[in-house]
Amino acid sequence: MREGVWLCVCLVAASLLCGVSWGMEQQQRPHRRHLGMRGRHRGERGKEGQVLHRSKRGWVWNQFFVIEEYTGPDPVLVGRLHSDVDSGDGNIKYILSGEGAGTIFVIDDKTGNIHATKTLDREEQAQYTLTAQAVSRDTNRPLEPPSEFIVKVQDINDNPPEFLQGPYYAHVPEMSNVGTSVMTVTASDADDPTYGNSARLVYSILQGQPYFSVEPQTGVIRTALPNMDREARQEYDVVIQAKDMGGHMGGLSGTTEVKITLTDVNDNPPKFPQSVYTMAVMEDKVVGEEVGRLKAKDPDMGENGLVEYRFLEGDGMAVLEITKDSVTQEAVIKLKKVVDYEKKKTYTVKVEASNPHVDSRFLAWGPYKDTATVKVSVEDADEPPVFSEASYGFTVDENAPEGTVVGRVHARDTDTANNPVRYMIPRYTDLGQFFSITHEDGVIKTTRPLDRETQLWHNISVSATEIGGHHQDSKVRVNIKVKDENDNPPEFATNNEVLVCENAAPGKLIETVSAVDKDEMAHRQYFSFALPIEVQNNHNFTLKDNKDGTASIYTMRKGFSRMTQDMYFLPVEINDNGVPPMSSTQTLTIRVCSCDSRETILSCNVEPFILPAGLSTGALIAILACIVILLAIVVLFVALRRQKKEPLIVFEEEDIRENIITYDDEGGGEEDTEAFDIATLQNPDGANGFLPRKDMKPELAYPLRPGGDRPAAASVDVDDFIKTRIADADNDPTAPPYDSIQIYGYEGRGSVAGSLSSLESVTTDSDLDYDYLQSWGPRFKRLADLYGTKDSAEDS
């Protein structure tokens with residue numbers, strides 16, 4: 001360890017503004033304090049076992065002060081560092097490190113003086129922690145351990161108070177007592193509250209007297225006047241000031257605005273603007289119609305201003321009622337009963353208006369209610385006739401003759417004039433015109449017999465119109481019921497077929513039938529069933545009346561055959577026992593069906609008596625369906641074959657009858673190396689694209705040319721011969737087929753000599769002269785030589 005050194009720290013408290021009396025003096029005369037340090041050497045191992053001791057500080061200043069917002073021309077001297085090892089020869093260098101070192105705080109490395117180079121703001125940073133050390137200038141070796149100290153920024157009053165939550169809004173009930181708390185406002189000051197009076201605030205009211213006041217220390221706003229009435233003034237703008245330095249001169253201040261609203265209390269009773277109200281109502285008004293309105297005024301708000309109305313007394317309470325319009329707070333007087341000018345012309349009622357919600361604090365201020373008188377006069381109106389009943393109901397017998405009286409309606413004119421009334425039935429209520437009415441007395445009659453089964457009720461209207469005056473009319477509903485008469489015979493309830501098994505046993509119940517009747521069934525009326533006399537002795541079926549409106553059908557014999565008879569018709573006589581009694585004969589259809597041993601119905605259709613063994617009915621049906629389909633296909637195929645026509649155009653087709661087997665023994669120049677189609681001979685023009693029709697005969701028959709049956713023996717123009725025969729055949733309608741000529745003399749257009757047929761001449765002798773072959777050209781030269789040579793030899 002290094003030997004301990006003594007560090008002397010000198011503090012100069014410069015520019016301390018602590019009040020007006022001594023602040024400037026401290027700034028002009030800075031003080032320097034020497035911070036002495038003593039210490040003892042602790043044991044350390046030196047060379048040859050020598051024990052070294054560290055120096056120990058006896059006491060030390062650990063913080064400096066600098067005033068904020070200093071604006072002097074020179075940097076502020078914060079303090080001075082001095083080491084006991086510093087002999088003043090400049091070998092000691094002082095080093096400063098920590099917050100703001102080198103930027104805000106600088107040190108003279110020779111003298112150890114520390115200066116603040118910038119203006120400091122305590123509200124931004126209240127203190128700085130720095131470290132000072134003395135080192136050798138030559139070697140930069142520390143001469144003593146580093147010393148840490150704090151520089152505190154001393155506060156000055158440079159921040160005014162602020163109301164951070166303003167502006168404020170507050171409410172207080174009207175008529176509140178003096179001193180009622182309204183709200184508390186709070187200001188904040190950024191200055192140091194622990195140093196001086198910079199942050200000591202005092203509140204005062206600048207605007208709002210004499211209605212409100214504020215407590216200086218707490219900022220609580222209170223009411224200052226009694227009986228503040230919301231109806232006179234509802235809102236107040238109050239300005240509150242907060243001043244630091246305890247409110248003394250020179251302190252900074254801030255203000256805020258407080259908007260105070262008086263809330264309503266029920267301190268006003270309702271009041272009618274007038275004591276008597278007059279209204280009028282026409283006598284023709286119906287119940288529920290409005291007669292008039294009145295309103296009691298209450299300056300209070302909300303539920304405090306609600307008003308309820310009621311009748312207290314008066315002769316109009318029997319015909320009038322009072323309600324309240326919740327939107328306008330008006331009393332609405334309506335008709336509870338119809339009024340009649342001819343009976344009573346005026347009514348009077350007394351109306352009371354009151355507050356439903358009363359504040360007990362203000363009960364002494366008077367009753368919270370008021371009254372007014374309402375006079376209602378009834379005015380005469382030309383009213384329509386009034387029927388004696390609201391609606392009428394009559395009955396009439398079914399099938400009653402024309403002109404039968406149904407009933408009578410009556411109406412009268414209630415006006416003073418009492419005009420006569422005329423009756424009529426509006427046609428739109430009686431479209432069938434079943435009824436008529438006498439215009440003078442209102443008697444309703446039928447115009448034709450009525451049928452209850454067609455229409456049970458007839459609902460019509462009758463109108464009554466006063467004769468004279470304004471021809472007022474009114475209508476009334478008339479409901480007419482047609483009384484039933486037993487005029488319809490009974491009939492089966494259903495017309496379904498009855499099924500019976502072929503193997504049914506005698507006495508087997510096969511069906512239970514019931515009946516219906518369009519007429520209305522009277523009490524204890526029932527249906528009875530029986531077989532007519534002509535079928536009572538039948539041996540197939542019988543009937544039993546069950547005496548409950550039904551009848552049972554039984555079989556009388558064993559075994560039924562569908563092949564013999566598959567359907568039976570059983571007449572049944574039904575009687576309704578009404579007054580007068582009505583009866584009818586209904587026919588019951590009974591069909592015989594095939595059943596299994598358990599009498600389960602299998603089929604009720606007529607089928608062949610002998611069925612293939614092992615095949616079910618479904619399989620037989622499928623087989624029959626397939627056979628029918630195959631037959632239909634065959635018939636369709638034959639029909640199509642018969643309807644198929646020959647082609648309308650002659651196309652080249654291969655015909656075995658027209659093929660000629662050619663040989664190439666006449667030379668390689670012949671176009672006869674393959675089978676030749678004689679169709680070209682039949683129509684040589686077809687090669688040029690012209691195909692004659694084959695489906696019609698020539699309309700004109702040209703006579704054959706004389707000698708056209710056979711060409712002259714001496715003719716050498718075979719081509720002309722063939723064309724001539726073709727033209728003859730085309731023009732001869734009697735020689736079918738019309739275009740078929742068996743000609744084998746044309747071998748194609750490639751031969752200069754035309755064609756030659758020598759099938760016979762090769763194997764048989766002939767008397768023909770073949771000298772003309774010499775003129776057919778070089779292609780037939782060899783043939784001409786062969787035949788000509790033979791003839792010459794024979795001649796010789």
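I began with the accessible surface of the protein, which comes to about 47800 Å², 52% of it belonging to carbon and sulfur atoms. The areas are from the Shrake-Rupley method with a 1.4 Å probe, and for residues only the protein chains shown count as cover.

I note that this is a predicted model, where local features need pLDDT of at least 70, side-chain atom pairs count only at pLDDT 80 or more, and totals for chains, interfaces and linings use all residues. Residues are numbered from 1 along each chain as its sequence is written, and side-chain values use heavy atoms, with hydrogens and water left out.

**Overall counts.** I looked up the secondary structure and found five helices and 45 strands. Helices (H or I, at least four residues) and strands (E, at least two) are DSSP runs, numbered from the N terminus. Of the 796 residues, 36% count as buried; buried means under 20% relative accessible area, exposed over 50%, and partly exposed in between (1.4 Å probe, protein chains only). Among contacts with a separation of 6 or more, 65% come from residues 24 or more positions apart, a contact being heavy atoms within 4.5 Å.

**Sheet with β7.** I traced an open sheet of four strands in the order β5-β11-β10-β7, with mixed pairing. Its edge strands, β5 (63–67) and β7 (92–98), each pair on one side only. The twist averages 30° from one strand to the next, with axes as lines fitted to C-alpha atoms (for helices over the stretch in contact) and angles from 0 to 180 degrees between N-to-C directions. Strand β10 (residues 127–136) runs antiparallel to β7, joined by seven bridges; two strands pair if DSSP finds at least two bridges between them. Leu96 stands opposite Ala132 in β10.

**Asn140.** I found Asn140 in the loop between β10 and β11 (147–154). Its phi is near 60°, a positive value in a residue other than glycine. Asn140 is partly exposed, because its relative accessibility is 47%.

**Lys243.** I placed Lys243 in strand β17 (residues 235–243). It is partly exposed, at 23% relative accessible area.

**Strand β19.** I checked the faces of β19 (residues 276–282): Tyr277, Met279 and Val281 are on the covered face, and Val276, Thr278, Ala280 and Met282 on the uncovered one. In a regular strand the side chains alternate between the two faces of the sheet. Seven bridges join β19 to β25 (residues 369–379), and the two run parallel. Met279 has Val376 as its bridge partner in β25.

**Loop between β41 and β42.** I looked at Pro580, in the loop between β41 (567–575) and β42 (583–595). The peptide bond from Val579 to Pro580 is cis, with omega near -10°. Asn577 lies in the loop between β41 and β42, and its phi is near 55°, a positive value in a residue other than glycine.

**Helix α4.** I ended with α4 (residues 718–730), whose 13 residues reach 18 Å from first C-alpha to last, close to the 18 Å expected at 1.5 Å a residue. The expected span is 1.5 Å times one less than the number of residues. Its buried residues are Val718, Ile722, Ile726, Asp728 and Ala729. Seen down the axis of α4, they fall within an arc of 160°, so they line one face of the helix; the arc is that of the directions from the helix axis to the C-beta atoms.
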